[in-house]
Amino acid sequence: MTGYEPSYYVASRNPGPRRHGLAGRVSTDVCVVGGGYAGLSAALELAERGFHVTLLEAALVGFGASGRNGGQMLNGLNPGVAAVEKLAGETASRAIWDMTVEATDIVRRRIQRHAIACDWRPGYVHAATKPSHFKAMVEDAEMMAARYGYHDQTVLDRAALAAHVVSERYHGGVFDHGGGHLHPLNYALGLAEAAETAGVVIHEDSRVTEIQEGPRPLVRTAHGEVDCAHVVLAANAYVGDLRPRLARTIMPVATFIIATEPLGAEVVNRLMPSNPCVSDSNFVLDYFRRSADHRILFGGGASYSGRTGPHEPMVMRGKMAKTFPELRDVKVEHFWGGLVDITANRLPDFGRLGDNLWYLQGFSGHGIALTNLAGKLVAEAVAGDAGRFDVFARLKHRPFPGGPLLRTPLLMAAMMWFRLRDLLS
Ligand SMILES: Cc1cc2nc3c(=O)[nH]c(=O)nc-3n(C[C@H](O)[C@H](O)[C@H](O)COP(=O)(O)OP(=O)(O)OC[C@H]3O[C@@H](n4cnc5c(N)ncnc54)[C@H](O)[C@@H]3O)c2cc1C
């Protein structure tokens with residue numbers, strides 16, 4: 001049986017059931033593959049619409065990125081509205097923006113409605129590492145208020161930033177009232193419980209080895225098969241070779257997080273007085289926040305080979321000490337990593353293969369909010385209204401260049417250039 005990889009989240013998870021693996025043949029309306037937020041959200045939304053749903057998870061609920069991430073729920077899309085306007089036009093961009101605001105609402109409402117104990121805290125700070133980044137942030141906040149009617153952001157100069165983050169590293173920032181942070185694994189576990197209450201059957205330890213397409217697809221695992229009307233594939237960066245055509249548009253980038261020992265309320269209050277989540281403005285960014293038991297969780301780094309190097313914990317500690325020098329000698333109790341699902345244009349990749357195989361992937365660092373939305377949109381589509389799903393599905397995605405063998409070295413070269421740009425610009 002597969003277990004979770006060790007992390008602070010696993011060590012502090014809420015108790016829950018272990019679900020048995022699929023055995024034998026099952027017939028259902030929709031088979032969802034993947035027990036991360038996207039799959040769980042789709043399953044919950046479909047069950048609420050009256051569908052019978054079976055969800056198959058290769059390992060455990062929240063085993064993938066959904067149980068390991070920085071816990072920072074961010075509004076919008078990774079590349080910003082200008083990129084979406086350029087790619088899809090202003091009408092689509094406005095529709096997409098409105099849906100991303102809805103995405104964060106979905107998460108907040110689910111936490112409340114299903115009483116999910118996941119340490120939710122509102123507030124996100126985007127912190128500028130350079131004066132030029134701060135200038136661009138101010139312009140962007142003004143543009144979002146004027147053109148998109150988004151007024152939930154407050155610009156912070158250096159002095160105002162200190163009410164949220166006390167660090168010499170930053171030249172100012174923007175506080176987004178629409179963002180916030182949570183315990184990601186406990187949110188995933190709570191979502192699974194909500195889905196089961198709505199009638200979803202979840203099987204863990206049930207890796208899908210084959211999807212036989214057709215009017216009634218057959219989804220196979222080592223010990224069973226599901227015969228269904230629709231499949232929702234939500235395996236994302238962990239999809240492996242189940243659908244090579246989908247894997248080609250995702251670059252699974254490994255990123256890492258450390259958790260300090262508990263530092264006490266006084267220390268964390270002093271460093272991050274308003275208890276927001278924070279990410280910086282570099283392309284290869286640092287992201288950090290407080291935990292409910294007064295640790296600092298500090299994330300960043302990126303391995304484009306998808307592997308963890310032996311020096312990563314030291315690298316992360318160095319980044320944390322650069323941000324908060326007084327933490328230089330504190331004990332780091334946990335270190336873990338996971339795969340982030342990046343697309344070439346950093347926009348999410350939703351679509352369908354044939355009439356009844358739907359896929360959701362490529363949330364490009366904004367997955368906490370967007371996966372929850374994605375599940376709702378695919379449920380609407382399966383129920384017969386694909387209008388909103390298709391606004392996303394029409395976004396064009398290119399495979400990473402080089403094919404399976406070359407794309408990693410090519411991307412590593414490109415990312416070294418971005419790192420250099422972070423240092424020089
Ligand atoms: C370290 C880290 C930090 C991050 N920080 C943030 C953040 O702060 N904010 C944010 O918004 N996003 C963040 N992200 C990204 C975010 O976590 C993801 O976008 C999101 O969780 C993706 O959810 P998902 O359901 O699509 O995929 P996953 O959560 O990866 O779930 C996919 C599931 O599919 C299962 N699976 C794979 N293959 C099969 C198969 N053949 N059969 C059955 N099951 C299968 C896997 O076991 C896995 O559980 C971070 C990611 C990482 C790794």
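This is a predicted model: local features need pLDDT of at least 70, side-chain atom pairs count only at pLDDT 80 or more; totals for chains, interfaces and linings use all residues.
Helix H4 is followed by Ala115, a residue whose phi is positive, near 50°. H4 has 24 residues, and the distance from its first C-alpha to its last is 34 Å, close to the 34 Å expected at 1.5 Å a residue. Its buried residues are Ser93, Ile96, Trp97, Thr100, Ala103, Thr104 and Val107. An α-helix has 3.6 residues a turn, so residues three or four places apart point the same way. The partners against which the buried residues of H4 pack are E4, helix H3 (81–88), H5, E7, H11 and helix H12 (387–393).

The domain assignment of the protein chain gives domain 1, made of 1–120 + 182–250 + 346–394, and domain 2, made of 122–179 + 251–342 + 404–425. Taken over C-alpha atoms, the centres of domain 1 and domain 2 are separated by 25 Å. Contacts between them involve 32 residues of domain 1 and 24 residues of domain 2. On the side of domain 1 that touches domain 2, two or more residues come from each of helix H1 (8–11), strand E4 (72–73) and helix H4 (90–113). H4 provides the largest share of this side, four residues. In composition, the side of domain 1 that touches domain 2 holds 13 nonpolar, 14 polar and five charged residues.

Both domains also contribute to the surroundings of the ligand. The shell around the ligand draws at least three residues from domain 1 and at least three from domain 2. In total, 46 residues surround the ligand, and the closest are Gly36, Gly64, Gly70, Gly338 and Gly367. At least two residues of the shell are supplied by each of helix H2 (37–48), strand E13 (251–260), strand E17 (332–342) and helix H11 (367–382). E17 gives the most to the shell around the ligand, with five residues. By residue type, the shell divides into 22 nonpolar, 20 polar and four charged residues.

H11, one of the contributors to the ligand shell, is a helix of 16 residues. From its first C-alpha to its last, H11 reaches 21 Å, close to the 22 Å expected at 1.5 Å a residue. The helix is mostly covered, with 15 of its 16 residues buried. Ala379 has its place in H11, and this residue is buried because 25 other C-beta atoms lie within 10 Å. With neighbours within four places in sequence left aside, Ala379 is in contact with Ala42, Glu45, Leu46 and Arg49. Ala379 and Asp152, in turn, are 227 residues apart in sequence and 29 Å apart in space, C-alpha to C-alpha. Just after H11, Gly384 takes a positive phi of about 115°.

H5 spans residues 131–148, and its 18 residues reach 25 Å from first C-alpha to last, close to the 26 Å expected at 1.5 Å a residue. His133, Phe134, Met137, Ala141 and Met144 are buried in H5. Seen down the axis of H5, these buried residues fall within an arc of 100°, so they line one face of the helix. They pack against strand E5 (121–127), strand E6 (153–156) and strand E7 (173–181). On the other side of H5, the residues Pro131, Ser132, Glu139, Glu142 and Ala146 are exposed. Just after H5, Gly149 has a positive phi of about 65°.

Positive phi values also occur in two loop residues. Asn275 has a positive phi of about 55° although it is not a glycine. The place of Asn275 is in the loop between helix H9 (265–271) and strand E14 (277–280), and Asn275 counts as partly exposed because it has 16 C-beta neighbours inside 10 Å. His294, also a residue other than glycine, has a positive phi near 65°. The loop that holds His294 runs between strand E15 (287–290) and strand E16 (296–303). With 16 other C-beta atoms within 10 Å, His294 is partly exposed.

Terms used:
Residues are numbered from 1 along each chain as its sequence is written. Domain bounds come from an automatic or database domain assignment. Two residues are in contact if their C-beta atoms, placed from the backbone, lie within 7 Å. Ala, Val, Leu, Ile, Met, Phe, Trp, Tyr, Cys and Pro count as nonpolar, Asp, Glu, Lys and Arg as charged, and the others, Gly among them, as polar. A residue is near a molecule or strand if its C-beta atom, placed from the backbone, lies within 6 Å of it. The expected span of a helix is 1.5 Å times one less than its number of residues. A residue is buried if 20 or more other C-beta atoms lie within 10 Å of its own, exposed if 12 or fewer, and partly exposed in between; C-beta atoms are placed from the backbone. The arc is that of the directions from the helix axis to the C-beta atoms.
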